[in-house]
Amino acid sequence: MILEGGTDPQNVLALADAAARSLSDHRRGLLPEPIMLVEPGVSVPEVESRPGTAFLVRTSGSSSGTGKLVELPWDSIIASASATTEALGGPGRWLATLPVHHVAGLQTVLRSIIAGVAPLPYRLGDDIPDGRTYLSLVPTQLRRVLGNPDWLERAAAVDAILVGGQSTPPILLEQGRAAGLTLVTTYGMTETCGGCVYDGTPIGSTAIALEDGRIIIEGPVVALGYAGGEAFGGRFVTNDAGRITDRLTVLGRVDDAITTGGLTIMPVLLEDLVADLFSLASVGLGVRDDEWGERLVLVTDGKADARKIRRHAKTHLGAEYAPKEVISVADLGLDHLPLTDSGKVDRRALAQILEERP
């Protein structure tokens, strides 16, 4: 079965109906018909999935529809939903604001279905229904909520708000919590049925480890595998760098790392610093350079003091984190940082714009 994703209420409700039937089959010991979630307007590939696949969901690393298709079984989805319910304090109704062809949006539907309630297609600023409610946002949405008093008042009535999809600047979390929002940071990916680490701590039976600085996730939430690829076998090697102390700190994607002057930096650290200084979103990118190998360029979603950024970067992170250029989106002829359809900053599109500058 193929279903169109996005955020259209009709698509959300169609998915909820199909998911309820699929879950019923699973509970009766039947193998469900796989449901493939596709981005609106994107062509549908012909694939074969392994037995037990309930949903085929594309990874969200690309806005062009070229991500890998992940096979999600009901056992992993239920393990994820149960862990989330326990971590957040009980079952509730999820408000569907994210595209349901990506795992974070899909899970707002599936967690509701598993809890025995209907998910609610939701637009930021709508009234919050009675009863226990949950919401998933990406940082861009959280920033918009904080900038709109009416939206903020309504969001404060939600029992818990998961914030994930990309790194969330600490200052943004502080502002949200100070404004009365119950925020929970979440880390995970399509291959782990979405978030499986909340506020730096694994939930349910999830286990995390590091291998050469790369985050490894093990447990029942791990998907079957990629369509046409080898099985994960309950263990997924991520493409993210991390640090484990009393909790997990995600340092960014390994392929986002920038090597400049022989030193490797993780741009998310600079981006968090800029958020603290100016309450601005920003993106650090490496641009090819004959002298440095890669030149660190920072693109900000608004005007920022380049000298102050460089000074604080040198003091708090090291000289290698001082950007060679600081550019605002307006300087590039943009209104805002480009986003993928899942709400993440589209680093590839931005890097291409920088490379193609005259």
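**From a serine to the sheet and the rings**

Modeller: Let us begin with Ser 22, which lies in helix α1 (residues 9–27); helices (H or I, at least four residues) and strands (E, at least two) are DSSP runs, numbered from the N terminus. This is a predicted model, in which local features need pLDDT of at least 70 and side-chain atom pairs count only at pLDDT 80 or more, while totals for chains, interfaces and linings use all residues. Residues are numbered from 1 along each chain as its sequence is written, and side-chain values use heavy atoms, with hydrogens and water left out.

Biologist: Why does Ser 22 count as buried?

Modeller: Buried means under 20% relative accessible area, exposed over 50% and partly exposed in between, with a 1.4 Å probe and protein chains only. Ser 22 has 4% relative accessibility, and therefore it counts as buried. Leaving aside neighbours within four places in sequence, Ser 22 is in contact (heavy atoms within 4.5 Å) with Pro 32, Ile 35, Ala 54 and Trp 74.

Biologist: What makes β1 and β14 the edges of the open sheet?

Modeller: The sheet has five strands in the order β1-β2-β3-β4-β14, with mixed pairing, where two strands pair if DSSP finds at least two bridges between them. β1 (2–4) and β14 (225–226) each have a single partner strand, so one side of each is left without a neighbour in the sheet.

Biologist: Why is β4 described as largely enclosed?

Modeller: Five of the five residues of β4 are buried, so the rest of the structure largely encloses this strand.

Biologist: Which residues touch the most other members of the largest nonpolar core?

Modeller: A nonpolar core is a set of buried Ala, Val, Leu, Ile, Met, Phe, Trp, Tyr and Cys residues joined through side-chain atoms within 4.5 Å. Among the 37 residues of the largest one, Leu 15, Phe 55, Leu 72 and Leu 106 touch the most other members, and α1 gives the most to this core, with six residues.

Biologist: What makes the pair of Trp 94 and Tyr 134 tilted?

Modeller: Rings of Phe, Tyr and Trp (its six-membered ring) pair if their centres lie within 6.5 Å, and planes under 30 degrees apart count as stacked, over 60 as edge-to-face and the rest as tilted. A search of the whole structure finds four aromatic pairs. Trp 94 and Tyr 134 are 5.0 Å apart centre to centre with 40 degrees between the planes, which gives a tilted pair. This pair links distant parts of the chain, with Trp 94 in strand β5 (residues 93–96) and Tyr 134 in strand β7 (residues 133–137), 40 residues apart. Both Trp 94 and Tyr 134 are buried.
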